[in-house]
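The entries are in the order I checked them.

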Amino acid sequence: MPCAEYNHLLNLVKKRRTVRRFKPDPLPEGCIEKIIEVARWAPSGFHTQPWEFVVVKKQEVKAAIIKALDKYAPPITNTKPGDEVQAVSRRSFRDAPAFIILLADWRAKVGLPGHPTEKNAAVARIYYSSLANAFLYLHLAAASLGLASQWYSAVSHPEAEGEIKSIIGIPESLTIYDMMVLGYPDAPPNPKEARSLAEIIHYDDCGSMDFRTDERVFADAQKTWDWCMSEH
């Protein structure tokens, strides 16, 4: 079985990392279009392709979006049990040369089975899976071009989203799913560990003993939190 493409994909996935400090260096001409070209081929429910992409490069537009995010983005805190809750400073994404905002176009739901006209739980599940596919493709495409990216989910905070939609002029029928910050890394990310393959694969009639205990989940969560905080 040919494995060169698989090995390339695995290396790319391992290489892709969230970066939180960016250089202001301009991006190569046409690279953003190449990134979105990959994302537009992402799988979507019943091929509805319920997405639009807004590229933000103008300094004044970026500054307005940053101001909205600074105002409404929830603070990160060290919420480990037994610790005094303290705010953790966010590393800046302000120097990144571009943002890509992924929008959900809810009008496309009429292409789903039954041609729903109203947003409901079933529609939302299909949409969020579809948009997550496109968003992941964006990040992988950026990594393949040697660029760094950050997943900045605070744009979906209701008040921040309202301001950003107003700044850009996004129609009411569209909502913000997420924003990718794009550029060159100003500092390398910390090494990343992943749970082992043997730990996460379960076959056929596996029982509850094959899965993590509550204590193990809690311990893993603490370890992951410590790692995340070391990146902020």
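Below are my notes, from the whole chain down to single residues.

**Entry 1: the chain as a whole**

First reminder to myself: this is a predicted model. I looked up the confidence, and the mean pLDDT of the protein chain is 89, with 90% of its residues at 70 or more. Where pLDDT is low, the predicted coordinates should not be read in detail. I left those contacts alone.

Next I went through the secondary structure. I found seven helices and seven strands in the protein chain. Starting at the N terminus, the order reads α-β-α-β-α-β-β-β-α-β-α-β-α-α. The protein chain has 232 residues, and 36% of them count as buried. I also checked how far contacts reach along the sequence. Taking contacts between residues at least 6 apart, 79% join residues at least 24 apart.

**Entry 2: H1 against H4**

Two packed helices are described by the angle between their axes and the distance between the axes, so I looked up both. Helix H1 covers residues 4–15 and helix H4 covers residues 121–144; the angle is about 100 degrees and the axes lie 9 Å apart. An angle from 65 to 115 degrees counts as roughly perpendicular, so H1 is roughly perpendicular to H4.

Which residues meet there? On the H1 side I noted Leu12, Val13 and Lys15, and on the H4 side Leu140, Ala143 and Ser144. Sorted by class, the contact has four nonpolar residues, one polar and one charged.

While in H4 I stopped at histidine 139, which sits in that helix. Is it buried or exposed? Histidine 139 has a relative accessible area of 5%, so I put it down as buried. Leaving out residues up to four places away in sequence, histidine 139 touches Arg16, Ser149, Gln150, Trp151 and Met180.

Helix H5 runs over residues 158–168, and I listed Ala160, Glu161, Ile164 and Lys165 as buried in it. They span an arc of only 130 degrees around the axis, so they are on the same side of H5. I noted that a glutamate and a lysine, Glu161 and Lys165, are among these buried residues.

I then asked what covers the buried residues of H5. The cover includes helix H3 (59–72), strand S5 (98–105) and strand S7 (174–185). On the face turned away from the buried side, I found the exposed residues Pro158 and Ser166. Just after H5 comes glycine 169, with a positive phi of about 90 degrees.

Histidine 47 has one, near 55 degrees. Histidine 47 lies in the loop between helix H2 (31–39) and strand S2 (51–56). Its relative accessibility is 56%, so histidine 47 counts as exposed.

Glutamine 49, not a glycine either, has a positive phi of about 45 degrees. Glutamine 49 also belongs to the loop between H2 and S2. At 37% relative accessibility, I logged glutamine 49 as partly exposed.

Last stop was the loop between S7 and helix H6 (197–200), where I found proline 189. Asparagine 190 and aspartate 186 are in the loop between S7 and H6 too.

I took aspartate 186 first. What does it contact, apart from neighbours within four places in sequence? I got Arg21, Phe22 and Lys23. For lysine 23 I noted the C-alpha distance: aspartate 186 is 5.1 Å from it in space, though they are 163 residues apart in sequence. Aspartate 186 has a relative accessible area of 48%, so it goes down as partly exposed.

Proline 189 came next. Proline 189 is partly exposed, at a relative accessible area of 32%.

For asparagine 190 I looked up threonine 18: they are 9.8 Å apart, C-alpha to C-alpha, and 172 residues apart in sequence. Asparagine 190 is at 25% relative accessibility and so counts as partly exposed.

How values were computed
Residues numbered from 1 in each chain as written. Predicted model: local features only at pLDDT ≥ 70, side-chain atom pairs only at ≥ 80, totals over all residues. Heavy atoms only, no water. Axes fitted to C-alpha atoms, helices over the stretch in contact; angles between N-to-C directions. Helix = DSSP H or I, 4+ residues; strand = E, 2+ residues; numbered from the N terminus. Parallel < 35°, antiparallel > 145°, perpendicular 65-115°, else oblique. Contact = heavy atoms within 4.5 Å. Nonpolar A, V, L, I, M, F, W, Y, C, P; charged D, E, K, R; others polar. pLDDT = per-residue confidence, 0-100. Buried < 20%, exposed > 50% of the residue type's maximum accessible area, 1.4 Å probe, protein only. Arc of directions from axis to C-beta.
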